[in-house]
Amino acid sequence: MSNKFSGIGASNGISIAKVYILDEQPIVISKEPTKNIEGELSIITSSIEKAKSDLESLQKIAKEKLGEEKAAIFEAHASILEDPAMAEEFTGLVKEHNYNAAQAIKEVADKYVSMFEAMDDDYFKERAADVKDVTERLIRYVLNMPVADLATISEEVIIVAEDLTPSQTAQLNPKFVKGFACNIGGRTSHAAIMARSLEIPAVLGLKTILHDVKEGDTLALNGETGDVEINPANKAEWEKLAENFAKEKAELQKLKDQPTLTKDGFDGFVLEGNIGSPKDVEAVLENGGEAIGLFRSEFLYMDNDHFPTEEEQFVSYKKVVEEMNGKLTVIRTLDIGGDKKLSYFSFPDEMNPFLGYRAIRFTLDRKDIFKDQIRALLRASAFGPVGIMFPMIATVDEFLAAKQFTLDCKAELEKEGHKVGDDLEIGMMVEIPAAAVNAENFAKHADFFSVGTNDLIQYTMAADRMSENVTYLYQPYNPSILRLLKMTIDGAHKHGKWAGMCGEMAGEPDAIPLLMGLGLDAYSMSATSILKARSIMSKLTLKETQELANKALECETSDQVLKLVKELMQDK
């Protein structure tokens, strides 16, 4: 049996250490109906109190290690515990169907986990892990089962587990925990995000690693490539890799406060961060982000039991704009519908909701809901540069209707005595092929474009990227995609407007040289990708990236395009 495995590199770094196996006792839930309804309800109440106490302690630990913003995840976990809708469902199953406490919690949790896991947006998929983490802790208390305490680890180890929950990850001390390897998980899970914050190397999605290791083994892992080796044959080789990684990391840190420049001194590219809530701003700034290229406003709606008021939204938007201290914040208006549902609003049943009543189509139809958001965004623009960005725009008429509605709200606010920012920009997402093809006409009216590559690719290729059977068609480097990007960028530039990208592609090392050559102005990505992107740009001249892009546009396949990129980058 091979001792080498390959998974998903989720947090960069190279580590070699003794294995610490976290193999928690599995939860087994009886389906035996309860004969003591009040007793089961009492167990739920007392278990919730214990779990709340845990979360308060974990928040303190996380605050010390990660800072105020990162520790806010446990506020979100507490809000799940305190969610009146979930509590009502727990008690309803006990009272009306005689479920035992653990069975009731599990059934409700599974429903919410399935709902979030089915969503296309990675940010909201993370909520599935949150619900699972909180409710599993709750069930363990209900069943009087032990809850793992990883804060007591006091020697250098690499943790091997089926999965690590956010609450377990927050307990890790980087002085002793040198990495972790899990059977499941991916780069967008909260555990991966927190590992990156703690700078602990992590490899996820290894499938069988928990079964393959044993106590006493040594594990070596590469959190960038996803490679793992049990009892490595050449330890010195791994130690050399670790040394080189440390040197590269030190070099990247030097770029934090440096301008984004190409090798020949071009300074027209802007590196930005994607955020899902105000707590994510800190990471963007810590990694040298020059703007927020995508603030997903959906979190205000998804984390609520009602449509958030103008004032509730204003407080969140203002916080981010102020923290960016004069740097642009681009905020996407409500992108709901499709896979993103609300517990307090029922969308119509549709054969294909991804192509239906969602995003701008919903908000233009429900101007009462749209108005609260637009007014809040406009008020926040008084505190710093703001870009308002409309999602899922397909026609010029749609964009003009949304823009005019925004200008009408602006006039109304100013009449009421509210200040609105002078440098407000009104732009749009380019994620529908029709918008890319017609970019030149859109650019007469929009202040900027931001390409959402995830949707643009799946709509162009007519392939659901969540379908395992057609994943081979999710091809960011396909020449058809590159040509749509070229149309978008050229259309913007013809009318003196800027074009950005906020999809996953913007932060991919292989994509950056191509996007530079195509003339993309702004690159919005995960905060942890920013310094690497700056480093790549510093090694390339504008001319060689333009030559690369021209050759790529003449290619027939993705593989041909990637071969050109590899050839350019091999000596950099």
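Mentor: Start with Lys 207, which is exposed, at a relative accessible area of 69%. (Exposed means over 50%, buried under 20%, and partly exposed in between, with a 1.4 Å probe and protein chains only.) The model is predicted, so to speak of local features takes pLDDT of at least 70 and side-chain atom pairs count only at pLDDT 80 or more, while totals for chains, interfaces and linings use all residues. Residues are numbered from 1 along each chain as its sequence is written, and side-chain values use heavy atoms, without hydrogens and water.

Where does Lys 207 lie? Lys 207 sits in the loop between strand 6 (202–204) and helix 9 (209–212). (Helices, H or I of at least four residues, and strands, E of at least two, are DSSP runs numbered from the N terminus.) The phi of Lys 207 is near 70°. That is a positive value in a residue other than glycine.

Now set Met 392 beside it. Phi of Met 392 is near 60°, again positive and again not in a glycine. Met 392 also belongs to a loop, the one between strand 12 (386–390) and helix 16 (396–416). But Met 392 is buried, with a relative accessible area of 1%.

The largest nonpolar core has 134 residues. (Such a core is a set of buried Ala, Val, Leu, Ile, Met, Phe, Trp, Tyr and Cys residues joined through side-chain atoms within 4.5 Å.) Ile 374, Phe 390, Met 428, Phe 449, Leu 485, Leu 515 and Tyr 523 touch the most other members. Helix 5 (residues 101–117) gives the most to this core, with 9 residues. Apart from this core lies another, of 21 residues, among them Leu 172, Ala 195, Ala 202 and Leu 204.

Look at Phe 449. Leaving aside residues up to four places away in sequence, its contacts (heavy atoms within 4.5 Å) include Met 428, Val 430, Phe 442 and Trp 498. Ala 439, Ala 443, Thr 488, Ala 492, Ala 499 and Gly 500 are touched by Phe 449 too.

Finally, step back. The protein has 24 helices and 16 strands. Its C-alpha atoms fill a box of roughly 70 × 65 × 45 Å along the principal axes. Buried residues make up 54% of the 572 residues. Among contacts between residues at least 6 apart in sequence, 68% join residues at least 24 apart.
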